[in-house]
Amino acid sequence: MAAVGRNRRSHIRRATGEYEDRLRHYLRFEALTVEPARLPDGRAGEALEREAAALERRLPDDLDLVALTRGGELWSTRKLADYLDGMRIYGRPGAAFAIGGAHGLAPRLLARARARLALSAMTLPHEVARLVLTEQLYRAATILRGEPYHKGP
């Protein structure tokens with residue numbers, strides 16, 4: 001996972017860290033962060049480009065890019081598990097999930113993405129999106145292992 005900005009709220013940072021630690025028992029997982037551009041809203045396009053460049057320097061080229069964006073597809077947890085399982089079945093090296101900053105992700109990152117994913121129809125704060133994504137990745141991993149954590153369909 002690659003994200004613009006760090007988790008500043010300690011309770012969200014702890015919860016995210018717990019799911020990151022759990023997830024590492026199931027698959028290779030790394031959480032990367034880049035600093036937000038911190039430009040005024042009137043320079044949002046420039047901020048997007050700066051953040052995209054920072055993300056691109058950190059994202060491995062061989063991984064599928066999954067862009068988190070409001071305009072993305074709403075996946076069920078089962079669909080996320082199937083996506084991860086498909087990576088294993090077809091010998092793909094993995095996926096990098098990208099979470100943008102205050103203005104989202106640059107158009108060039110969205111164009112490069114193999115998939116565009118929305119966590120909700122609502123806009124979520126960066127820190128909450130990161131927590132939800134990490135928990136859902138953990139949940140998907142437990143589904144693939146047949147463990148009882150997930151109670152849904």
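Okay, so buried here means under 20% relative accessible area, exposed means over 50%, and partly exposed is anything in between, with a 1.4 Å probe and protein chains only. Keep in mind that this is a predicted model, where local features need pLDDT of at least 70 and side-chain atom pairs count only at pLDDT 80 or more, while totals for chains, interfaces and linings use all residues. Residues are numbered from 1 along each chain as its sequence is written, and side-chain values use heavy atoms, with hydrogens and water left out.

Let's start with charges. Side chains of opposite charge can pair when their charged atoms come close. The rule I used for a salt bridge is a side-chain nitrogen of Lys or Arg within 4 Å of a carboxyl oxygen of Asp or Glu. That rule gives 15 salt bridges.

Take E73 and K79: their closest N and O atoms are 2.7 Å apart. Both ends are partly exposed, E73 at 42% relative accessibility and K79 at 34%. D21 and R24 also form a salt bridge, with 3.2 Å between the closest N and O atoms. Again we have partly exposed residues, D21 at 48% and R24 at 40%.

Now, the pair I like is D85 with R88, a salt bridge at 2.7 Å, N to O. By helix I mean a DSSP run of H or I with at least four residues, strands being E runs of at least two, numbered from the N terminus. Elsewhere, salt bridges that share partners tie R6, E35 and R38 into one network.

On to packing. Two packed helices are described by the angle between their axes and the distance between the axes. The axes are lines fitted to C-alpha atoms, for helices over the stretch in contact, and the angles run from 0 to 180 degrees between N-to-C directions.

How does α3 pack against α5, residues 126-144? The angle is about 70 degrees, with the axes 8 Å apart. So α3 is roughly perpendicular to α5, where 65 to 115 degrees counts as roughly perpendicular, under 35 as roughly parallel, over 145 as roughly antiparallel and the rest as oblique. The crossing is right-handed, that is, the near helix is turned clockwise from the far one by less than a right angle, and left-handed is the anticlockwise case. D85 turns up again here: α3 residues including L80, L84 and D85 meet α5 residues including L137, A140 and I143, contact being heavy atoms within 4.5 Å.

Then there's α1, residues 10-23, which packs on α5 at about 25 degrees with the axes 9 Å apart. That makes α1 roughly parallel to α5. This crossing is left-handed. Among the residues in contact are T16 and Y19 of α1 and L131 and T134 of α5.

Last stop, T16, in helix α1. T16 is buried, at 2% relative accessibility. Leaving out residues up to four places away in sequence, T16 touches N7, R130, L131 and T134. And the C-alpha atoms of T16 and E135 are 7.6 Å apart, although the two residues are separated by 119 residues along the chain.
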